[in-house]
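The report below describes the fold of one protein and then turns to its helices and charged pairs.

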Amino acid sequence: PREAQARFLMAVAQADAGRAADATTTLRGLIADFPELPEPRNNLAVLYAAQGNYPLARAELELALAAAPDYAVARENLGDVYARMAAAEYERAAALDKANANAARKLKQVRDLLAAR
């Protein structure tokens, strides 16, 4: 129970096996016991983002980066979350104003960026 690396690997295995709820529970427990570790927060954020919960994903990534500002993977994941949030807002703007060519163009650019990943 006190072995952080083993618990982290268990959460990764759970996520890889499609058991996102179990992985989320494992990561939350790991964060509660080791709040200084950025990796569990990053992986929890990835699970939240996969569910479309970008605000929670962003919050976890910001906490991970507060603990480790040079954590490049978390920075990239935060960029992806912001891009997905931007796409959602551009999509809403385009739906509200069909004549808004700027919103449609920006939505295409963000979608192209996300597809290139």
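## Overall architecture

Of the 117 residues of the protein, 34% count as buried, where buried means under 20% relative accessible area, exposed over 50% and partly exposed in between (1.4 Å probe, protein chains only). The model is a predicted one, in which local features need pLDDT of at least 70 and side-chain atom pairs count only at pLDDT 80 or more, while totals for chains, interfaces and linings use all residues. Residues are numbered from 1 along each chain as its sequence is written, and side-chain values use heavy atoms, with hydrogens and water left out.

The secondary structure comes to six helices and zero strands, with helices (H or I, at least four residues) and strands (E, at least two) taken as DSSP runs numbered from the N terminus. The C-alpha atoms fill a box of roughly 55 × 30 × 25 Å along the principal axes. Of the contacts (heavy atoms within 4.5 Å) with a separation of 6 or more, 39% are between residues 24 or more positions apart.

The buried residues of helix 1 are Ala4, Arg7, Phe8, Ala11 and Gln14. Seen down the axis of helix 1, these residues fall within an arc of 120 degrees, so they line one face of the helix; the arc is that of the directions from the helix axis to the C-beta atoms. They pack against helix 2 and helix 3, and just after helix 1, Gly18 takes a positive phi of about 80 degrees.

Helix 4 (residues 54-67) has 14 residues and reaches 20 Å from its first C-alpha to its last, close to the expected 20 Å. Its buried residues are Tyr54, Ala57, Glu60, Leu61, Ala64 and Leu65. They cover an arc of only 135 degrees around the axis, which puts them on the same side of helix 4. Their packing partners are helix 2 (20-33), helix 3 (38-50) and helix 5 (72-96). At the start of helix 4, a side-chain oxygen of Asn53 reaches to within 3.3 Å of the backbone nitrogen of Leu56.

## Charged pairs

A salt bridge is a side-chain nitrogen of Lys or Arg within 4 Å of a carboxyl oxygen of Asp or Glu, and by this rule the count comes to seven salt bridges. The table lists three of them.

| Pair | N to O distance |
|---|---|
| Glu60 and Arg41 | 2.8 Å |
| Arg111 and Glu91 | 3.2 Å |
| Lys108 and Asp112 | 2.6 Å |

Glu60 in helix 4 and Arg41 in helix 3 are 19 residues apart, and the pair links distant parts of the chain. Both Glu60 and Arg41 are buried, Glu60 at 12% relative accessibility. Not counting residues up to four places away in sequence, Glu60 touches Ile31, Arg41, Leu44, Ala45 and Tyr48.

Arg111 in helix 6 and Glu91 in helix 5, 20 residues apart, likewise link distant parts of the chain. Arg111 is partly exposed, with a relative accessible area of 43%, and Glu91 counts as partly exposed at 43% relative accessibility.

Lys108 and Asp112 both lie in helix 6, four residues apart, about one turn of the helix. Lys108 counts as exposed at 52% relative accessibility, whereas Asp112 counts as partly exposed at 42%.

Key:
Expected span 1.5 Å × (residues − 1). Polar contact = N/O pair within 3.5 Å; in protein donor to acceptor, adjacent residues only side chain to side chain.
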